[in-house]
Amino acid sequence: MVTFIYIFLILLSVSTLYPFLNAIVISLNEGLDTSKGGITLWPREFTWENYRVVFQDERLMSGFLVSVLRTVIGTVTAILATAIFSYGMSRKELMGRKYYMVICIITMYFGGGLIPTFLLIRDLGLMNSFWVYIIPSLISVWNMIIFRTFFQGLPAGLEESAKIDGCGNWGTLFRVVLPLSGPVIATLALFTAVGHWNEWFLASIYVSDEKLLPIQTILKQILASNIVSEQTASMDAAALAHLQKAKTVTSKSLSMATMMVATLPIVLVYPFVQKYFVKGVLVGSLKE
């Protein structure tokens, strides 16, 4: 039985990792050679040409910068805002907190829909604005529940000691509660960062300025194109000239290289916060 479990897990791991490995191999293979097929575990014609084209395209580099800024700013502000909200919801002296909780949970199951949301974003003046990525996602009810549960599990004596020393609610939160919340902050920050980094739909609806498009939205546009000329039409003159000179870049190889540039940064973050996962996620079990 144990042998079967190990074999099953190995096969599951291989089936999960192979598409990612294959994408890396194609991105490092000559485009014209890739079009012949048969590329599996290693490149037949190794080249950096696909990545040179990606990094010489100003639009892709601008999208990469937008994604980095969005992820950093969005994660920091969302964790801070959610933590403040959660701390208030965790206080037993808050009048009507059960009713507030019910209202929050309702929003997890019911929403206004795309059109009312679009009208709201437009009326708030967030169309074609960087802040459309930040403000609508400041509060996550699910993250609030996890934060709230963790705060309620802290010893009451800590807050009492802080208040005896002269701390108010803000001082208690920032000087006592948050410094003790490292595991849950790290876990939720990673989930939030991954969400910001991978999200492409908002930009496709609310942003028409190419300078504000994140790299995931640009990648979606590239993957939706089947002709190299459609992909290179938006490239700057230097990148286009380099591409025409190379004669080895195809739509598939360029798409895979762009995908790697868009994926690897967030993948590299996981090893640094993996140790917080178990403890951070377990505190999310609901209790009263």
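The following turns cover salt bridges, cysteines and confidence in a predicted model.

Residues are numbered from 1 along each chain as its sequence is written. Local features need pLDDT of at least 70 and side-chain atom pairs count only at pLDDT 80 or more, while totals for chains, interfaces and linings use all residues; side-chain values use heavy atoms, without hydrogens and water.

Student: How many salt bridges does a search of the whole structure find?
Tutor: A salt bridge is a side-chain nitrogen of Lys or Arg within 4 Å of a carboxyl oxygen of Asp or Glu. Among the pairs found are Arg122 with Asp123, at 3.5 Å from N to O. The search of the whole structure gives a total of 3.

Student: In which helix do Glu49 and Arg52 both lie?
Tutor: These side chains form a salt bridge, with the closest N and O atoms 3.3 Å apart. Glu49 and Arg52 are 3 residues apart, about one turn of the helix. Helices are DSSP runs (H or I, at least four residues), numbered from the N terminus. The helix holding both residues is α3 (residues 49-56).

Student: Is Arg70 buried or exposed?
Tutor: Arg70 meets Glu199 in a salt bridge (2.9 Å, N to O). The pair links distant parts of the chain, 129 residues apart: Glu199 is in the loop between α10 (182-198) and α11 (201-206), and Arg70 is in helix α4 (residues 58-90). Buried means under 20% relative accessible area, exposed over 50%, and partly exposed in between (1.4 Å probe, protein chains only). The relative accessible area of Arg70 is 2%, so this residue is buried.

Student: What is the relative accessible area of Asp123?
Tutor: Asp123 pairs with Arg122 in a salt bridge. Arg122 is partly exposed, at 46%. Asp123 is exposed, with a relative accessible area of 59%.

Student: How many disulfides does a search of the whole structure find?
Tutor: A disulfide requires a pair of cysteine sulfur atoms within 2.5 Å. Cys104 counts as buried at 10% relative accessibility, and Cys167 is buried at 17%. The number of disulfides found is 0.

Student: Which element of the protein chain has the lowest mean pLDDT?
Tutor: pLDDT is the predictor's confidence in each residue, from 0 to 100. The chain mean is 81, and 85% of its residues reach 70 or more. Helix α4 has the highest mean among the elements, 91. The lowest, 46, belongs to helix α13 (residues 228-232).

Technical notes
Helix = DSSP H or I, 4+ residues; strand = E, 2+ residues; numbered from the N terminus.
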